[in-house]
Structures are given as C-alpha cells and as structure tokens.
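Visitor: I would like to learn how to read a protein model, one feature after another. Could you take me through it slowly?

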Amino acid sequence: MSGRGVQRLKTYDKGAPTGYQAGFGRGAIGFTTRSDIGPARSAAPEVNFGQAPPGYVAGRGRGMGDLARLQSEGGLPRDEGDRDKGDYSESNYDDFSGYGGALFGGDSPYEDDDREADKIYQAIDDRMDARRKRRREEQLLETLKKARAERPKAGDQFTDLKADLGNVSVEEWMSIPDVGDQSLKYKQRKRQEVFTPAPDHLIESQRAALVGATAPIDPRTGLQTPMSAGGSSSIAGLSQARETVLSIKLDKISDSVSGQTVVDPKGYLTDLNSLKINTDSEVGDIKRARLLLVSLTDTNPKHAPGWVARARVEEQAGKIVAARKIIKEGCEACPESEDVWLEAARLYSAENARTILADAVRHLPQSVKVWLRAADLEPTEAGKKVVLRRALEYLPKSVKLWKTAIMLEEEEDARIMLERAVECVPHSVDMWLALARLETYEKAKNVLNRALKELPTEGAIWITAAKLEEAHQKGDNVEKIINMALSILRQQSVVMDREHWLREAEACERAGSPLTCQAIVRATIHMGVEDEDRYRTWTDDAESALQRGAVETARAILAFALQTFPGKRPLWSKACDLEKVHGTPEALEQMLKKAVTYCPQAESLWLRAAKEKWLQGDVPAARALLTEAFKANPDSEAIWLAAVKLEWENSEYERARILLSKARQRVSTERVWLKSAKLERELGEVPTELVLLEEAVAKFPDFAKLYMMAGQACDEVLQEPERARAYYQKGLRRCPHSVPLWRLAGRLEERVHGFTKARSMFELGRLRNPRNPELWVEAVRLERRAGNEKLVASLMAKALQEIPDSGLLWAEEIIHSPRPQQKSKSQEALSKCPNDPLVFVAVARLFEATRKYAKARKWYNQSVELNPDLGDSWAFYFAFELRHGSDEEKAQVLKKCLEADPTHGELWTSVSKRVENWRLPKEAVLKKVVAKLQDAAAEEVIIPVIKMEPKVQVKMEEQETVEGMPGGGTAEST
C-alpha cells in the first residue's frame with residue numbers, strides 16, 4: 001500500500017552482495033532438533049550459491065510486491081534525510097492490517113479528530129477485552145489450582161506437619177533422634193573386606209613387646225610411649241578414654257557457656273507458634289496484589305490509597321518492616337494525603353508515630369483527623385491539651401476539636417473555652433447548650449437568648465429554655481416558651497414532625513421535666529392528624545408511650561384526648577388504669593370522680609369507684625357512690641348486685657335482703673334471683689331458698705343453675721334424694737345441653753340406685769351432647785369405681801377416637817395407664833394437645849413419680865403459664881412444692897397464684913363453691929384444695945396418684961432408660 005508521505009529507500013537498487021543468503025539474518029533458515037540428529041548436533045554445512053543471476057531481486061519470489069519492484073527500478077532514495085525508518089520485519093506484520101505503525105508519514109499532523117478516533121478504538125478494545133475478563137480469570141485460577149494439585153511444592157506438602165509442631169511437648173522434641181549421614185556413600189553397598197591371617201611370629205613378637213605395658217589411650221594426644229616397659233597395665237584406661245570421647249562430643253553441641261545447649265527446644269517451639277502459615281491461595285493472592293499495587297504506585301505515585309493498600313498487603317503477609325518502609329515512601333510521595341499519614345502512624349510505634357504526625361501537621365495543618373490522632377498518642381493529659389489547643393489555632397471552626405478539647409478541661413476552664421467556642425462556631429447547638437448548663441440562671445438565659453438569635457429555628461434551644469424555667473420553679477413560662485417556639489418555627493416555614501416532638505417530650509420526661517413534657521404534648525399532639533383519626537391515633541400514642549416507660553407522656557396524651565372526647569368511656573378506663581398502676585390513690589380517686597361525672601351511664605366506672613372506696617375501708621363512701629349510681633342507672637343489674645355484695649361483705653345481711661327484694665321487683669333477672677337464693681342458703685334458710693328457686697324456675701325455666709341449686713339443697717342439706725332427682729329430671733328436660741346438670745344427675749343415680757342407673761344416665765347424656773369430654777370422663781370414672789377395667793379401656797378408646805384433641809381425656813389416660821405405656825401415652829397426648837395445661841400437669845406428675853423433680857417443676861410451671869385461671873394446675877403445683885420445694889419456691893408459687901386469681905377447675909370449684917368456703921380468701925382455698933388432693937391420693941378414690949414402685953426398681957429403670965420421660969425418651973423431644 002502506498003500513500004501520502006511515504007518515502008521509499010533505494011537500498012535494493014544494486015545487486016545482492018557476495019555470499020548473501022536470503023532470510024539468514026532474521027533466522028529464516030531450516031533447522032533440526034535433537035530428536036532428529038541424536039544427542040549431538042553436527043555443524044551446519046557451508047552452502048555457496050555463487051553469484052546471483054542478472055536481474056535477481058531478493059524477496060520478489062516471496063511476494064514483496066512494490067518494494068521488490070522499486071528495488072529493481074531504483075526508486076528509493078539513499079540519502080539519510082529521506083530514509084524510511086519504519087519496522088518492516090515479520091514480527092511487525094499482520095495478515096489483516098499489514099505492517100504496524102502509523103498509516104501516514106511522521107510529518108503528518110496529529111489532530112483532535114485523530115485523538116478522538118484513537119480513544120474510541122481504544123474504548124472498543126477495552127470493552128471487548130472486559131467482556132470475557134472474568135471468565136478468563138476464572139479459567140486461569142482453575143488452571144493454577146489444577147497445576148498446584150498435580151505438582152505441589154515440596155514445602156506445601158509439609159505445611160500441616162509444620163503446624164502440628166506447635167503442639168509438640170519438650171519431652172517429645174528431645175526424644176527425636178539425630179539425623180544420620182544419609183549420603184550416597186552409605187547407601188551404596190560396601191565392598192566386602194578381605195582379611196589375611198597374620199603369621200604367628202608377628203603376633204608373638206607384638207605380644208611380647210606389649211605385655212604389661214598397656215597405656216591408656218588419650219584421644220587428644222593419641223598413643224603415648226609408656227614411661228617404662230615394665231609398668232603395670234591399667235584396666236581403668238579404657239573407661240577413661242570412653243569418658244574423654246564422650247566429653248568431646250558434648251563440647252561440640254554446646255556453646256561457650258557451660259551446660260547450655262545451642263538448641264533451645266522451648267524457644268524453638270515458641271517460634272513455631274508465632275509463625276503465620278499461609279495457604280497456597282493466600283500466598284498467591286498476596287503476590288498478585290503486591291504486583292498490582294506496585295504497578296499502581298509506580299505509574300501513579302500520587303495515588304494515596306495505593307500506598308495504603310500496598311502497606312496493608314505487606315502487613316497481612318507478616319512483613320511489618322516492609323510495610324513501614326512502603327508507607328514511609330507513600331508519605332514522601334503524597335504529603336498532602338491525611339490517610340497516608342494516619343496509616344503510617346498506625347504502623348509505627350507510639351514514639352515514632354508522634355514524630356510522623358509532627359511532620360504530618362506541617363504538611364496538613366487543616367486536617368482534623370491528624371490533630372486528633374496526634375492528641376490521642378500523647379501519653380499525658382497535659383500533652384493532649386497542648387496538642388488540641390495548638391490545633392484550634394489552625395482550625396478554630398472545627399466543632400469536633402472544640403468538643404474534644406473541652407472534655408479534657410475542668411468546669412471553670414471548660415466554661416471559658418465554651419465562651420470562645422460559641423464565638424468561633426455559633427452554629428453548634430451543643431456548644432450553646434453546654435455553656436448554658438454551666439452558667440447561672442440569669443447568665444444561662446442570656447446565653448440561650450444569644451443562641452436563639454443565631455439559631456432561631458433550632459427546637460432544642462427552645463426546649464432547653466423551657467427546662468430552665470421549670471427547674472427554677474417558673475412553670476407558668478414553660479407553656480409560653482413552647483408555644484412561642486412553635487409559632488416562630490411556623491413563621492420560618494420549618495417542617496415540624498409530630499413524632500419527633502413526641503420523642504422530645506419523652507426525653508424531657510426522662511430528664512426530669514414533666515411540665516415541659518406536658519407542654520410539648522399539648523402543643524404538638526394534634527399536628528397532622530385528621531379529625532376522624534384523632535381518637536384512634538391518640539390512643540395508640542398513649543399505649544406506645546406506656547410500653548416505652550414514658551408515663552408522663554402517656555398521661556398528658558390521655559388528658560388531652562379526654563378534653564377532646566370527654567364522653568368516651570374506654571378513654572376514662574385507660575386513664576384510671578394508668579393512675580392505678582403508676583399514680584397515687586388520690587390521683588385515681590380524682591380521675592374516677594371526673595369519669596363518673598362525664599360518663600354517668602358507665603356502670604363499670606361507678607362500680608370501680610365504689611370498689612376503690614371499699615378497698616380503702618371507707619364503706620359509707622362506697623355506699624354513697626352506689627346511691628349516686630342508682631340515681632344515674634336505676635335499672636342496672638350490675639349496680640344492684642354490687643350494692644348487695646357490699647352489704648354481704650360487711651355482714652349486713654338484712655340490708656342485703658332488702659336490696660335483693662327491691663332488685664327482684666325492679667330488675668328481675670336470673671342473676672338477681674340466683675343471688676337471692678344463694679344468700680338464703682348461706683343464712684341456712686333452705687325452705688326460703690327453695691321457695692325463691694321455685695319462683696325463679698317459673699320465671700326462667702331455661703336457666704340450668706336454678707335446677708342445680710335446688711337439687712343440691714334437697715340432696716346435701718335436706719337429705720331428700722328423690723326430690724333432688726325430680727329437680728334434676730325437670731332441669732334436664734328443659735336444659736338437655738347442660739353438662740354440669742348431667743354430671744350431678746349421674747352421680748346422684750350412682751349413690752341412690754347404683755352403677756347401672758348411673759351408666760344409663762351418662763349414656764343418655766352423651767347421646768344428647770356428643771363429643772363432650774367431661775361426660776366421657778365421668779363414664780370412665782364410673783366404670784373404674786365399679787371395677788370394670790376392660791370396660792374402662794373400651795370407653796377410653798372410644799372417647800379418644802371421638803375426641804382425639806381433648807386434654808382432659810388424655811390426662812386421665814396418662815395417669816391411669818400401666819407404667820410401661822405412660823411414656824408413649826404422654827408423647828401421643830403432647831402431639832395431639834401441644835398446649836393443654838391438663839396434659840402438662842399429667843406429665844409433671846409422671847416426672848414427680850419417678851423422682852425427676854427439676855423436670856416436674858418445669859412442666860408444672862408451663863402448665864400454669866398456659867392457663868393461669870385454672871385452679872387445678874396451681875393446686876398440683878403448690879402441692880409439689882410443699883413436698884419437694886424450698887421455702888422460697890413455695891412462697892413464689894403462692895405469690896403467683898394469688899396474682900393470677902384462679903376461678904375454674906374441677907377440683908378448685910368443688911372446694912370454692914361450698915357454702916362454708918364462700919368467704920375464704922384465695923390462699924385458704926388453695927390450701928384446702930391441696931389438702932383434698934392429699935386425701936384423695938391417700939384413699940385413691942377421686943383422683944388416683946401414680947403408685948411409687950420400690951426404690952431399687954426405680955433406680956434400675958432409670959439406669960436402663962434415657963434421661964427424660966418416664967420409661968425412656970424425653971418429653972421435650974415430643
């Protein structure tokens with residue numbers, strides 16, 4: 001290709017010189033390999049082609065084209081100024097683009113278009129190269145890993161063994177044998193020596209010469225001539241020679257200090273522990289990173305992160321000296337980079353770091369980080385102060401430097417420095433507030449006024465001013481300051497966040513400023529809340545504040561909400577609950593008075609107010625409150641019954657009768673008639689009770705409790721079972737779905753007419769009430785009392801098949817199953833009823849029976865947590881602690897039971913519902929239930945307890961089984 005600016009040389013105009021061989025100068029000649037000619041190579045024969053024929057042009061036969069033509073025509077200039085200096089060797093030739101180099105001659109200008117075109121082509125090349133860069137790198141890593149796996153280094157093969165040397169003891173190290181000479185001369189088979197017998201006369205002559213003249217051999221001097229031929233031989237000479245040789249060997253392995261060996265095994269092991277063993281991948285990564293970063297710092301020495309990264313690579317490799325050297329070069333190359341100086345200070349010791357940072361602050365006097373690091377490295381507080389004050393001379397507007405320096409000063413010096421700080425950095429809120437805290441009241445007001453002039457939109461300054469007024473007993477100014485702050489912020493178009501102000505109110509509460517907290521809540525609680533969302537939003541805010549422990553904030557929110565919604569009974573209830581838990585009795589009384597004033601129709605508020613008065617022992621006040629409640633709610637059943645209960649609790653039975661009589665006339669409900677009959681039973685007036693119950697049954701024939709009370713009165717008090725049976729039969733006709741009524745009727749039939757009638761009664765009850773576990777349990781217990789064990793098993797199987805998720809049935813099955821089946825029954829019960837407290841109690845009783853008291857206590861505790869209202873669980877738990885617990889554990893269970901106030905449970909109600917126990921407190925009822933449990937366990941009548949096997953047998957079974965569930969396994973595994 002020819003073009004503009006291309007000049008041809010006239011080198012090839014003449015013929016070829018003598019002996020010219022085309023291609024010989026660039027190595028384009030034939031060659032042979034050793035495999036072709038054998039172990040040695042013969043010299044190349046000299047070939048003489050002779051004189052070139054006329055018209056021969058070298059290279060024309062190889063396609064040199066125009067160049068060959070110009071050579072033959074003499075078209076290239078020969079002068080030095082016109083010589084083409086291009087590279088036309090084969091290494092610079094490409095089949096597609098031809099020879100490399102510029103397209104045009106060197107004298108053509110390189111313009112912006114050419115530069116832009118080169119950038120575009122370079123970007124395209126980089127893009128194409130980067131598309132498969134990751135794939136090439138992964139292939140390269142795979143190739144390297146494969147090569148290392150096939151041909152690992154010798155040192156890498158012993159890496160794990162070297163690491164194990166750190167665990168070698170001194171005795172093991174000393175017991176390692178010395179390395180012998182394993183050279184080739186010992187590996188070769190020695191030539192067998194040939195011995196020739198000496199003549200007899202030679203032996204005899206030597207013996208005669210040495211008889212009696214044997215001298216000891218000294219290795220230091222060799223053989224010595226004996227002093228006299230007739231000297232006596234010394235047998236100890238051989239042992240002396242042996243000792244001498246041994247001492248020489250010991251001297252070779254010892255130094256100049258006597259008794260100290262050259263090899264220190266302890267130190268050697270310590271050195272092994274200190275060595276950092278890198279894996280092949282880590283070593284390879286470090287080498288590649290080192291090469292890349294060296295290239296980076298060489299090509300761009302002003303790139304500070306490159307120096308830092310390079311130093312850290314060396315530090316990671318364990319070469320701290322090299323890292324320090326590199327970072328020192330980085331400091332010289334990048335003196336304006338604070339990162340390099342800080343890295344150098346980190347790598348060097350504290351003493352050298354101070355020197356380095358002294359140079360750093362001369363180059364970077366405006367770097368806050370360098371000054372702070374220099375202050376940290378000072379060993380004394382006085383030195384820190386000096387450095388920081390020097391830094392403030394260069395950086396008087398650095399808030400961080402001011403804060404650090406002020407923290408080191410005493411109170412008086414800190415106040416002086418804060419005065420200067422607020423002048424230099426008036427935009428710092430913390431400086432103003434800190435100065436105000438250190439000043440007196442009047443000076444603090446001046447400081448805050450100055451701060452508000454500089455920062456009028458900063459809410460923290462306004463809040464601090466309100467706190468200051470509250471702290472000096474000027475609560476009237478608090479509300480004004482907060483309102484003024486909000487007004488100015490609105491004028492300045494500051495976006496006010498309601499949540500932020502509520503958090504500020506909570507912060508004021510924690511700081512001991514309740515008035516400021518309340519003022520903030522009243523001023524900001526309504527911001528951004530729609531009218532229809534106010535009640536819900538404010539209620540949620542109060543609950544959230546209570547959960548965070550902000551009582552005053554919640555009280556202020558509820559107070560503001562009550563001002564807006566004074567007729568909302570739930571709000572008054574929440575406010576009363578708050579005062580009950582976190583307030584005083586006087587505050588609760590005032591809140592209840594306001595509540596019943598604004599909500600006179602709220603029965604619960606009246607009853608609560610009366611109860612609080614009664615708990616305080618003020619019975620007349622409670623009566624007065626109930627009288628006012630009657631006026632506001634004349635037909636309220638709850639208020640009438642509360643008045644009756646008040647009189648009953650104070651043993652005013654006649655007043656209670658009068659109130660009940662009026663209530664039956666004014667509010668004729670089932671509960672009123674029931675309470676009337678209950679009062680007569682307690683007073684022993686059973687005929688009067690039955691008269692009232694007859695009237696009540698006529699009015700409310702579908703109320704099952706009336707029939708139950710009448711039947712119990714006839715059966716237990718009057719001893720008239722047939723009359724009681726008539727009441728039960730009548731009640732079952734009207735209330736066929738009342739399970740307690742079926743149970744009472746069945747038990748009565750069992751006592752009066754035997755098991756057959758009772759069995760039919762329970763079967764009829766199950767037909768009327770299918771899938772009822774209580775009736776199934778009654779039937780099972782009936783057959784167990786009758787001694788029909790086969791029928792018991794059949795009924796229990798049918799019951800569990802019909803109601804597989806009944807905890808009551810499973811608990812009954814676990815307790816009365818044979819011992820080998822109890823574990824499997826427990827696991828199945830827990831899988832069917834994972835959260836049933838009765839099942840947990842049964843499992844706990846099994847653990848107790850096998851003397852695993854810790855596990856039993858855990859399961860009892862879980863049962864009462866699942867249902868705190870179940871009194872049976874508390875009774876079993878407390879009975880367990882009475883038998884096996886400490887005094888502290890007993891007191892703790894009793895306390896938890898009184899707090900839970902249980903009211904349900906088969907055993908619990910059987911005790912608490914008896915007339916003589918109506919007035920007993922919960923503690924007395926609990927103890928009576930426990931006593932009943934103990935009696936039942938002793939008699940094995942109502943609730944049989946697991947029979948304890950002999951102690952030896954228990955121990956043998958515990959050894960055979962896994963720790964956990966009785967019979968093997970663990971309850972937790974289910």
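**Reading side chains and their partners**

Guide: Let us begin with one residue of this predicted model: Y853 has a relative accessible area of 29%, and Y853 therefore counts as partly exposed.

Visitor: How many aromatic pairs are there by the distance rule, and with which residue does Y853 form one?

Guide: The count comes to 11 aromatic pairs. In one of them, Y853 is joined with F880 in a tilted arrangement, with 6.3 Å from centre to centre and 50° between the planes. This pair links distant parts of the chain, since Y853 belongs to helix α46 (residues 853-866) and F880 to helix α47 (residues 871-884), 27 residues apart.

Visitor: Is F880 buried or exposed?

Guide: Buried means under 20% relative accessible area, and F880, at 0%, therefore counts as buried. F880 also forms a tilted pair with Y860, at 5.3 Å centre to centre and with 40° between the planes. Because Y860 lies in helix α46 and F880 in helix α47, this pair ties together parts that are 20 residues apart in sequence. Y860 is buried, as F880 is.

Visitor: Now to charged side chains: how many salt bridges are counted, and where do D285 and R288 lie?

Guide: A salt bridge joins a side-chain nitrogen of Lys or Arg to a carboxyl oxygen of Asp or Glu, within 4 Å, and by this rule the count comes to 59. D285 and R288 meet in one of 2.3 Å, taken from N to O. Both lie in helix α12 (residues 280-299), and because they are 3 residues apart, about one helical turn separates them.

Visitor: Which parts of the chain does the pair of R290 and E314 tie together?

Guide: The side chains of R290 and E314 meet in a salt bridge at 2.6 Å, N to O. R290 lies in helix α12 and E314 in helix α13 (residues 304-316), so this pair ties together parts that are 24 residues apart in sequence. R290 is partly exposed, with a relative accessible area of 22%, whereas E314 is buried, at 5%.

Visitor: Finally, which residues of helix α17 are buried, and what covers them?

Guide: In helix α17 (residues 368-376), the residues V370, W371, L372, A374 and A375 are buried. Their cover includes α15 (338-347), α16 (350-363), α18 (381-394) and α19 (399-407). At the start of α17, a side-chain oxygen of S367 comes to within 3.4 Å of the backbone nitrogen of V370.

Definitions and conventions
Residues numbered from 1 in each chain as written. Predicted model: local features only at pLDDT ≥ 70, side-chain atom pairs only at ≥ 80, totals over all residues. Heavy atoms only, no water. Buried < 20%, exposed > 50% of the residue type's maximum accessible area, 1.4 Å probe, protein only. Helix = DSSP H or I, 4+ residues; strand = E, 2+ residues; numbered from the N terminus. Contact = heavy atoms within 4.5 Å. Polar contact = N/O pair within 3.5 Å; in protein donor to acceptor, adjacent residues only side chain to side chain. Phe/Tyr/Trp six-rings, centres within 6.5 Å; stacked < 30°, edge-to-face > 60°.
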